[in-house]
Protein chains: 2
Amino acid sequence: MESVRVALAERSYDIVIGESLLSRGSLLAKNMTGDRAVLITNDTVAQWYAQPVQTALETQGIAVDLVVLPDGEAHKTLDTVSGIWDALLQKQYGRDVTLIALGGGVVGDMVGLAAALYQRGVKFIQIPTTLLAQVDSSVGGKTGVNHPLGKNMIGAFYQPQGVIIDTAVLQTLPQREISAGLAEVVKYGLIWDAAFFSELETRLTRVDALEPELVAWMIRRACEIKAEVEEMQAKYGKVPGLAAVLVGARKDSQTYVRMKKKACRRLIERLQLPTRYPCSVTPDKLFAAMRLDKKVLRGQLRFILLKAIGKAVISTQASDEHVLSVLSQFKSEQ
Amino acid sequence: MESVRVALAERSYDIVIGESLLSRGSLLAKNMTGDRAVLITNDTVAQWYAQPVQTALETQGIAVDLVVLPDGEAHKTLDTVSGIWDALLQKQYGRDVTLIALGGGVVGDMVGLAAALYQRGVKFIQIPTTLLAQVDSSVGGKTGVNHPLGKNMIGAFYQPQGVIIDTAVLQTLPQREISAGLAEVVKYGLIWDAAFFSELETRLTRVDALEPELVAWMIRRACEIKAEVEEMQAKYGKVPGLAAVLVGARKDSQTYVRMKKKACRRLIERLQLPTRYPCSVTPDKLFAAMRLDKKVLRGQLRFILLKAIGKAVISTQASDEHVLSVLSQFKSEQ
């Protein structure tokens with residue numbers, strides 16, 4: 001079992017990482033004070049993992065209710081979170097209840113928000129069940145829902161009591177979800193830690209052979225890096241996704257292509273990650289979407305540019321023409 | 001102008017108290033970083049005070065939009081807060097916007113929640129326009145909305161950038177609203193500060209002659225005490241309202257009545273505060289409502305009992321029969 005301490009004064013907590021952890025009731029009980037929990041998940045994850053978690057809690061003498069949300073980003077709304085509150089109030093849960101988020105980023109973000117606001121704050125535990133949620137949502141305390149006019153527009157920063165990462169759940173995860181998580185992991189190497197990037201190159205030889213120890217190591221390092229990056233994010237806003245990192249790499253496109261070929265591309269292609277966006281999206285549409293993001297500061301887009309592997313800078317200096325021209329190069333041709 | 005510093009490390013802020021402060025644009029501007037504000041109020045308060053605040057902001061070069069909510073506790077809902085977010089997103093406000101809450105506790109609680117969650121937190125300024133909001137909501141960072149199953153069930157702790165208390169607004173406040181504020185002020189003396197209570201007895205000779213200097217002093221002291229009481233509340237939960245304080249004063253009803261007569265009652269009657277609840281409410285109903293409050297811990301009601309003026313203790317030791325019998329004594333006879 002690996003673990004990462006996220007140090008935030010009185011809000012510090014531990015992330016534990018290992019195989020088959022979700023059925024270890026003692027790990028869950030350690031992060032609770034009361035003896036009543038509400039397990040919240042979605043209808044896809046529930047089929048696989050609701051029962052083992054429930055049983056694990058009950059063996060610790062913890063009474064547990066189950067709330068099952070509809071699966072999918074479309075349901076990441078204030079209405080869905082309101083449904084959680086209705087369920088909690090109907091059963092008259094007080095401030096001593098602990099909410100347990102079992103699922104991917106969507107479930108985690110909504111349960112975190114529900115916990116942050118229920119009676120002005122109750123405890124919650126994260127059990128992220130996608131690789132992306134394990135490396136991205138375990139650190140940072142971001143909770144929230146979408147609004148018809150923008151993603152994650154309504155939310156709060158709220159820390160969990162603990163995060164339990166069970167690497168065995170990745171066995172039931174579709175390949176595209178594994179890819180999304182790996183892309184995030186590669187991004188951490190690119191923008192922050194050249195040694196980690198090069199270790200990934202050495203160790204991640206086959207994406208379909210993610211054996212437990214390797215995955216646990218990778219998740220632990222990613223969480224550690226995320227904790228460091230958070231400090232930067234607190235100052236400058238969220239680091240954009242992998243596509244934007246690649247897009248902005250260098251103004252001089254010769255140098256850019258060289259760097260991409262030599263380092264990034266090798267690993268990315270080996271991991272079978274997408275390097276182009278679908279031809280149904282035009283560069284104009286992509287650019288318009290970037291402008292709507294809440295990272296836009298006073299009308300100016302901010303980019304994370306790579307000076308080298310592991311060295312990123314934040315810049316607002318890219319012209320619209322240049323961004324559009326780089327975006328065009330990443331459009332898929334079919 | 002009086003002022004109180006609320007010391008909360010990097011979330012510290014100032015409460016300023018004085019006559020005609022809401023038209024002082026520089027006080028508002030001091031609490032902002034950007035140059036865009038959204039003034040949020042209700043339709044009653046808007047008629048009196050929206051224009052002066054708007055003008056004050058504009059003279060400081062601050063662009064200001066106005067959002068007017070329907071007046072009343074019935075509208076203290078997540079739907080109303082959602083309406084604020086819709087307005088902010090439709091006008092594409094970013095994280096640099098400052099929300100200004102102009103109104104009583106209901107407006108303050110909702111705008112605070114809207115600010116806490118909009119893009120995971122934007123700045124907000126409180127301009128409380130009722131005496132109760134001035135003494136009760138200026139300290140503590142409580143924001144929230146009601147749920148059909150309970151008051152203030154959904155909310156967050158979120159601190160304002162500053163609080164501006166204009167004592168002149170009390171001139172347009174209905175007498176019952178003045179009474180609600182005075183009851184809160186008297187409560188602070190009773191539970192926390194005997195010297196303040198006795199000063200109130202000396203200085204508050206006529207409730208209809210609340211002259212500006214006296215009011216400013218009273219509000220400042222109340223805010224200072226609230227800041228101290230907050231520490232206690234952080235440990236034990238919210239101090240209940242005045243009625244509960246009186247109800248719980250002593251088990252020995254002889255002693256209780258004596259104390260009430262000698263000290264509490266004199267001031268309370270002079271201030272024309274209600275000492276009985278309406279006969280339409282039965283003790284049973286009142287007791288049931290108390291049981292639904294979120295201060296109830298594991299099914300046990302907690303009472304603030306007075307050992308003496310200025311000395312309160314928290315107790316869960318009152319039997320249901322005793323509480324009901326004391327409640328019966330406070331029922332109005334007409």
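**Exercise 1. In the hairpin of strand 1 and strand 2 of chain B, find the residue that takes a positive phi.**

Step 1. Locate the strands, which are DSSP runs (E, at least two residues) numbered from the N terminus, as are helices (H or I, at least four). In this predicted model, local features need pLDDT of at least 70 and side-chain atom pairs count only at pLDDT 80 or more, while totals for chains, interfaces and linings use all residues. Residues are numbered from 1 along each chain as written, chains are lettered from A and ligands numbered from 1 in written order, and side-chain values use heavy atoms, without hydrogens and water.

Step 2. Check the pairing, for which DSSP must find at least two bridges between two strands. Strand 1 (residues 2–6) and strand 2 (residues 13–18) of chain B run antiparallel and are joined by five bridges. Y13(B) in strand 2 is the bridge partner of V6(B).

Step 3. Look between the strands. Six residues lie there, and A9(B) takes a positive phi near 50 degrees.

**Exercise 2. Treat the hairpin of strand 10 and strand 11 of chain B in this way.**

Step 1. Strand 10 (residues 303–308) and strand 11 (residues 311–315) of chain B are antiparallel, with five bridges.

Step 2. L306(B) has A312(B) in strand 11 as its bridge partner.

Step 3. Two residues separate the strands, and G310(B) has a positive phi near 90 degrees.

**Exercise 3. Describe the interface of chain B and chain A.**

Step 1. Count the contact residues (heavy atoms within 4.5 Å). Chain B gives 31 residues and chain A gives 31 residues.

Step 2. Take the buried area, the accessible area (1.4 Å probe) that two parts lose on being put together, summed over both. The value is about 2900 Å², with 59% from carbon and sulfur atoms.

Step 3. Look for salt bridges across the interface: the rule finds zero.

Technical notes
Salt bridge = Lys/Arg side-chain N within 4 Å of Asp/Glu carboxyl O.
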